[in-house]
Every structure is written in C-alpha cells, then in structure tokens.
Amino acid sequence: MAGPTTTPYVTLNSGHNMPVLGLGTFALCQPPDLVSVFVQAIKLGYRHFDTSPVYGSERPLGFAIAEAIRRGLIQSRDEVFITSKLWCTDADPELVLPALQNSLSNLGLEYLDLYLVHWPLRVNSGEYKVMYGKEDLLPIDMRGVWKAMEECHSLGLVRSIGVSNLSTKKLSDLLSYSTIPPAVNQVEMSVTWSQPKLRELCKKHGIYITAWGPLGTYGEIWGSNLIMENPTLEYIASIRGKAVAQVALRWLYEQKVTMIVKSFNKERMKENLQIFDWKLTKEEAKLIAKIPQQRRYQGNEFVSPSGPYKTVDELWDGEI
C-alpha cells in the first residue's frame with residue numbers, strides 16, 4: 001500500500017515553513033463525520049488545514065489531529081500546519097486576542113501556525129454566519145486590528161500572521177504601518193483570475209499568496225464551472241493523462257503561490273495531491289495564459305450604501 005504523498009513547503013517571511021497545498025474545510029453541506037474526513041486527509045498526506053470559526057470546522061479538525069496522533073499517523077501536533085482566521089464579528093482591536101483564544105480552545109491547540117484577518121471590514125453582530133444585514137456592515141480599524149495581531153504573535157499564540165481578501169491598495173496601506181509584515185495574503189486566484197498586479201506586490205515584499213477557490217469552488221451553490229469545464233484545461237488534461245483539477249493546480253504551483261483546495265471525497269483528495277512530480281510544457285502554459293480572466297466572487301454581501309464599501313469596485317479598489 002502506498003504511503004502518504006509528501007507535499008513541498010515554502011518558507012514564510014516569519015521563518016516558518018508552510019506546505020504549499022492545504023485542505024479547505026468550509027462547505028455549506030458538510031458531511032456528517034468531518035473528523036473521519038480530516039483523519040483520512042492526514043493519512044493521504046495533507047499537512048496543512050485551513051479553517052475559521054465561521055466554517056464550523058475548528059472542533060472537528062482539533063479532534064482529527066488528536067486522533068491522528070493517537071493512531072500514529074503523525075507523531076505530534078508540530079507535523080501539521082493549521083491556519084484559522086479572525087472573522088468579521090471579531091475584527092476589533094479589543095476582540096482579536098479573545099477570538100484567537102476561542103479558536104485555540106475549539107482546536108485544542110496551544111498555538112496556530114497562521115492567523116489571518118478574514119475580510120477588511122467589521123460586522124456588528126455576535127453571530128458566526130456568512131450572511132448579515134447590510135446595516136451591520138462597518139468599517140474596520142485595520143491599524144488597530146493589525147497591532148493586536150502583532151501582539152498575538154509576540155505572545156507566541158501564533159507563529160505567523162497574515163490577511164485575506166486584500167486588494168493591492170489595501171495591502172500596500174497595511175505595509176505602510178505594520179511592524180510585522182503579513183506572511184500571507186489569501187485571495188481568490190486561479191487560471192481564470194491570475195492576480196498579476198497583486199502577485200507583483202507580494203513578491204516585492206516577500207509575502208506569499210495563498211489561492212482560495214483554485215478550482216472555482218465547483219459544486220457549491222456560489223461556485224462556477226469555468227475552471228473544471230474549461231476547454232483549454234480539458235484539452236491539456238486529455239493529452240497529459242491528468243485530471244482537469246490537476247492541471248489547474250499545477251499551473252498555480254508553477255506561479256510560485258500556495259493554495260487551499262477543498263474536497264471531502266477520498267479519491268479527489270488523493271488526486272489533488274498528485275501535482276508535484278510533473279510539469280506543464282511551455283506550450284501548455286501559453287495556452288493557459290490565454291484563458292479569459294474574470295473575478296468569480298464579487299463580494300456583494302459586503303457591499304452596502306450605508307457600509308464602508310458602497311460598490312464592488314470600492315471593495316476591490318478597481319481590481320475586478
């Protein structure tokens with residue numbers, strides 16, 4: 001029986017190593033036994049897991065890590081890289097540390113490997129959910145929140161800190177006053193939304209992009225088939241004897257970014273790991289570069305006439 005797949009890693013600007021491919025843990029329709037899914041993922045070779053309090057997956061993931069150690073699949077917690085996020089309800093300087101402590105409690109861990117500010121806004125609600133009333137959307141004190149994130153790092157509760165869903169302009173603003181620069185900016189990125197401007201800024205400042213939705217969140221109600229049913233990717237997959245998902249993920253890997261891919265199906269989880277022992281040809285890369293570009297997720301839920309972002313254009317600072 002084949003052993004687990006070994007995933008390459010990158011070294012973040014914090015000095016810590018992060019596996020380039022992680023398993024996403026959010027789904028509106030979650031399987032009944034997430035613990036078993038995550039244990040299976042560890043058995044297959046996943047060593048990076050991406051969660052958030054709003055996903056409802058922190059506790060099952062924590063149980064899975066403990067179970068994997070009990071079974072000898074891993075020897076210690078240090079063998080897995082755990083990312084969680086500061087949800088919008090807690091995006092206030094006074095709430096950052098309690099929110100992190102709550103996530104650590106849910107996970108049963110003493111520290112996180114990476115803690116991200118989930119979105120650049122605050123929500124006036126105590127509930128962890130995906131949709132809020134437009135009247136609840138508030139501006140974020142990013143300077144104060146980031147200082148609190150830096151304090152969490154100083155306390156040793158998190159090894160690296162970063163952001164998510166920040167445009168080039170918003171990331172530039174953060175870099176102008178941060179003492180500890182973000183290690184990661186987790187954003188939508190794929191063959192259909194390649195983020196060249198943001199990638200250039202991140203490369204300049206030693207920040208890794210982590211791509212979410214690299215397969216278009218295919219199968220979810222908000223997802224798209226633009227990637228999984230893309231004729232160019234289907235053509236390359238057919239001549240290379242690969243799956244479309246593998247071609248899309250391999251392209252990201254060759255752009256020197258990291259990625260979070262979500263599947264709870266054993267065979268697809270295994271398939272998504274098998275992208276590191278082959279390369280795209282120059283001709284194939286040129287074909288992929290011609291794929292039309294479109295931001296799939298607009299973020300309309302965070303746009304309001306009375307909120308901090310009046311239009312989608314304001315949320316992304318024109319990067320749409």
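Helices α2 and α3 are oblique to each other, and therefore that is where I start; oblique here is what remains once angles under 35 degrees are called roughly parallel, over 145 roughly antiparallel and 65 to 115 roughly perpendicular. The model is predicted, so to speak of local features we need pLDDT of at least 70, and side-chain atom pairs count only at pLDDT 80 or more, while totals for chains, interfaces and linings use all residues. Residues are numbered from 1 along each chain as its sequence is written, and side-chain values use heavy atoms, without hydrogens and water.

Back to the pair. Helix α2 covers residues 58-71 and helix α3 residues 96-107; they pack at about 45 degrees, with axes 7 Å apart. On the α2 side, the contact (heavy atoms within 4.5 Å) uses Glu58, Arg59, Leu61 and Gly62, and on the α3 side Ser103, Asn106 and Leu107. These residues divide into two nonpolar, three polar and two charged, with Gly counted as polar.

Now the whole chain. It holds eleven helices and twelve strands, taken as DSSP runs (H or I, at least four residues, for helices; E, at least two, for strands). The radius of gyration, over C-alpha atoms, is 19 Å, close to the 20 Å that the globule rule gives for 320 residues, so the chain is as compact as a globular protein of that length. That rule is 2.2 Å times the number of residues to the power 0.38. The C-alpha trace spans about 55 × 50 × 35 Å along its principal axes.

Last, burial. Of the 320 residues, 55% are buried, meaning under 20% relative accessible area with a 1.4 Å probe, protein chains only.

Definitions and conventions: Axes fitted to C-alpha atoms, helices over the stretch in contact; angles between N-to-C directions. Buried < 20%, exposed > 50% of the residue type's maximum accessible area, 1.4 Å probe, protein only.
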